[in-house]
Amino acid sequence: MSTYLDSLNEPQRQAVLQKDGPMIIIAGAGSGKTRVLTYRIAHLMKQGVDSFNILSLTFTNKAAKEMKARIAGVVGNSESRNLWMGTFHSVFARILRTEADKLGFPTNFTIYDSQDSVRLISAIIKEKNLNREQYKPKQILGRISSFKNSLITVKAYFNNPDLQEADLHASRPEVGNIYRTYVDRCFKAGAMDFDDLLLRTNELLARFPETLAKYQDRFRYIMVDEYQDTNHSQYIIVRALADKFGNICVVGDDSQSIYSFRGANIQNILNFQKDYPDVKTFKLEQNYRSTSNIVNAANSVIEKNKTKLDKEVWTSNDPGDAINVMRTISDGEEGRFVAQSIWENQMNHQLTPDDFCVLYRTNSQSRAIEDALRKKGIDYKIYGGISFYQRKEIKDILSYLRILINPNDEEALKRIINYPARGIGATTIDRLTIAANHYKKSIFDVIKYIDKIDLKINTGTKNKLRNFMNMMQSLQIESQTKNAFEIAETVVKKAQLIKDLEKDGTPEAVSKVENVQELLNGIKDFITDKIEEGGDTSLTTFLEDVALATDFDAKKDDDKPSVSLMTIHQSKGLEYMYVYIVGLEESLFPSAMSMNTRSELEEERRLFYVAITRAEKVAYLSYAQTRYRWGKLVDAEPSRFLEEIDDQYLNYITPKSTNPAINNFVDKSIFDDAPKGIRFQKPIQRKKMERDLVKKKEIIIPKNLKKVSQTTAKANLFDGNIVVGNFVEHNRFGTGEVIALEGNGPNKKAEIKFGTVGKKKLLLQFAKLKVIG
DNA sequence: CTCTTCAGAATTTTT
DNA sequence: TTCTGAAGAG
């Protein structure tokens with residue numbers, strides 16, 4: 001038998017060997033899911049399944065890329081290349097490109113990102129003279145998005161009295177009309193938004209049976225990763241495609257479903273067994289990633305959720321350290337604690353920055369952490385927030401490129417028609433828009449035929465419009481012969497984009513120029529990569545890649561080792577040796593928006609579960625007592641999630657001083673009189689909603705019991721049972737002899753002579769020493 | 001039409 | 001605190 005099968009455990013192997021029919025793999029955190037998926041695909045190919053017939057849907061493009069590389073390692077590059085692999089959005093965007101004409105879209109349709117969508121909705125609200133307070137563009141987009149994800153078209157909306165009533169009730173009777181106009185305008189602009197990529201795919205498969213049949217025949221084996229995070233629209237696509245052959249394999253973990261806010265429906269995974277009665281179920285329950293303390297602590301949290309599949313994640317790994325809990329005075333101090341701790345752990349365990357990761361609930365929390373890391377001189381990279389391609393200077397250039405491909409792209413046109421400033425103001429754009437709507441033409445066409453249309457625009461402005469049009473048309477001509485990089489370069493030059501920035505001279509402008517440079521380099525890389533792969537080097541493909549790239553995909557790996565900072569959502573599927581989860585405070589995590597219903601709270605809890613299970617060796621949880629929010633200092637209380645972890649897996653540390661200059665840990669003695677008070681002070685006031693939960697908890701967890709376990713945990717941590725002369729084992733340095741002890745409490749250090757690395761002084765608090773004699 | 005200034009919102013999470 | 005959009009002056 002092939003070697004790759006030998007490296008799998010029994011359930012893993014069975015899942016890999018199961019070839020035909022519907023199957024579900026319930027994969028606990030860290031249970032080797034990716035290995036199974038990879039090997040299963042490789043195995044299918046070894047058994048003679050044509051790689052063209054395998055469709056594999058992943059959660060990020062990066063995941064797809066990595067998986068492809070690993071499969072290539074087993075079956076070879078030339079075969080793996082043909083696999084259909086990617087996110088739902090990118091795979092179906094690719095299919096829509098070839099089928100777009102059936103739906104009345106141009107093949108070079110634009111993909112609107114959320115910013116484009118919000119701007120368009122904003123414009124529509126303005127045109128309809130609606131109150132911006134009542135109709136907040138972002139909220140309206142959210143509503144429209146949820147319609148689309150549930151396959152509620154405009155027509156379906158107007159056929160559904162309940163939905164209309166709901167909007168009427170929310171004093172937003174115009175939602176339906178905004179929806180209609182929005183869809184219309186997207187269609188006219190030859191643009192699809194993110195949700196359209198799925199909705200229109202559904203439309204395609206539903207309206208054109210022969211097209212459905214074509215793709216059913218092509219995708220004989222379908223695999224869906226992170227199935228717990230699929231929405232209804234995705235669910236229907238998968239069902240339709242798998243309907244003929246029924247070779248559908250879904251992989252997921254209901255405990256890690258964290259995307260319901262964007263329409264993910266956890267019922268998809270919970271009901272899979274009902275959808276396919278002859279389904280084969282495989283459970284991967286052994287965790288290979290984390291210490292047993294981490295696994296058990298995570299389990300003790302997720303147990304509190306009611307809706308879940310039956311599964312027991314376990315590990316045979318060592319207990320490892322207890323999970324450290326840290327209270328700080330402020331968010332600033334929290335940052336310093338994290339930075340200090342990372343620094344110490346790095347020194348004491350010979351680690352590099354990329355062994356560490358800091359996770360938070362909201363992007364805005366990153367600032368305090370960044371500041372502290374920067375001060376300590378620790379390299380870090382930050383994921384999320386505003387992605388590279390969303391930056392103004394970058395989007396402006398991309399908008400030029402978008403128009404060259406699709407002149408009807410209204411959002412792109414509105415962005416750059418007066419950037420850099422060329423004297424075409426709001427009034428003119430309004431008039432052009434009105435004319436465009438009147439003649440049922442795009443704004444671009446109206447400008448093109450400006451002399452043939454009667455417009456109330458004065459000659460000076462008309463000239464400016466003509467100049468703009470001349471430039472765009474000459475760029476269009478050049479784009480016929482030049483490659484994506486050359487076009488972009490020409491655009492930057494002709495539109496004088498860099499010049500505009502350079503005359504500014506501010507440091508911000510300088511960094512913008514650098515970003516533009518980086519974009520150009522990026523396009524160059526894109527082209528060389530694609531030539532290597534034998535892929536499509538067109539500008540269209542580049543723009544599509546850009547539109548669908550996640551922040552992860554955009555990041556380069558080859559940077560120097562650095563600490564990773566990201567939201568918990570983004571950490572899905574990743575693992576780090578040391579994980580810091582910060583901001584464990586009520587109203588922040590769980591988020592204030594998610595404390596009102598049980599299902600929302602359960603999702604926050606799953607999010608917490610995901611966070612903990614990212615850690616391989618050591619996890620730190622921290623919370624601050626005060627935090628800046630909107631520039632104001634706000635009091636915070638510890639998150640309920642801290643109380644939900646079984647105390648036996650926890651370990652409380654607290655800094656000595658609130659003085660930022662002093663970062664040493666406290667003498668142990670201050671713990672003795674304080675633990676209860678310091679930790680979960682009972683809130684003076686709780687909202688009605690929470691009160692029941694709190695009461696319940698007080699009954700379940702007897703306080704005195706809690707106190708006892710705390711003390712033991714601490715004692716073990718700092719003192720250990722180590723004496724001079726002991727032989728100890730360290731997981732990095734191997735075995736050594738303790739030759740001296742110094743310091744007290746958390747500062748207690750042991751000097752150890754190791755066979756491999758010589759003498760080392762290690763903080764007992766951090767060194768995971770096992771006494772072996 | 002452009003540039004500056006000022007008030008008010010913003011922080012859940014993202015393809 | 002930082003960003004955005006509106007309003008007013010030139």
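**Note on the protein–DNA model**

1. A polar side-chain atom of K138 sits 3.2 Å from a phosphate oxygen of DNA strand B. At G425 the backbone takes part: one of its polar atoms is 2.9 Å from a phosphate oxygen of DNA strand B. A polar contact here is a pair of N or O atoms within 3.5 Å; within protein, one must be able to donate a hydrogen and the other to accept it, and residues adjacent in sequence count only if both atoms are side-chain atoms.

2. The model is predicted: local features need pLDDT of at least 70 and side-chain atom pairs count only at pLDDT 80 or more, while totals for chains, interfaces and linings use all residues. Residues are numbered from 1 along each chain as its sequence is written, chains are lettered from A and ligands numbered from 1 in the order in which they are written, and side-chain values use heavy atoms, with hydrogens and water left out.

3. Around DNA strand B there are 26 residues, of which R361, G423, G425, T427 and T428 come nearest; a residue counts as near if one of its heavy atoms lies within 4 Å of the strand. By class, this surface has 17 polar, six nonpolar and three charged residues. Ala, Val, Leu, Ile, Met, Phe, Trp, Tyr, Cys and Pro count as nonpolar, Asp, Glu, Lys and Arg as charged, and the others, Gly among them, as polar.

4. Chain A is divided into domain 1 (4–102 + 198–284), domain 2 (110–189), domain 3 (314–385 + 560–652), domain 4 (388–429 + 448–548) and domain 5 (726–771), with bounds from an automatic or database domain assignment. The C-alpha centres of domain 3 and domain 4 are 40 Å apart.

5. Two backbone details deserve a check. F589 and P590 are joined by a cis peptide bond, with omega about 5°; P590 is in the loop between β13 (576–581) and α30 (598–612). Q350, a residue other than glycine, has a positive phi near 50° and lies in the loop between α18 (331–349) and β10 (356–360). Helices (H or I, at least four residues) and strands (E, at least two) are DSSP runs, numbered from the N terminus.

6. Mean pLDDT (the predictor's confidence in each residue, from 0 to 100) is 82 for chain A, and 83% of its residues reach 70 or more. Over residues 655–720 the pLDDT is below 50, and beyond near neighbours in sequence this stretch has 94 contacts in the model, a contact being heavy atoms within 4.5 Å.
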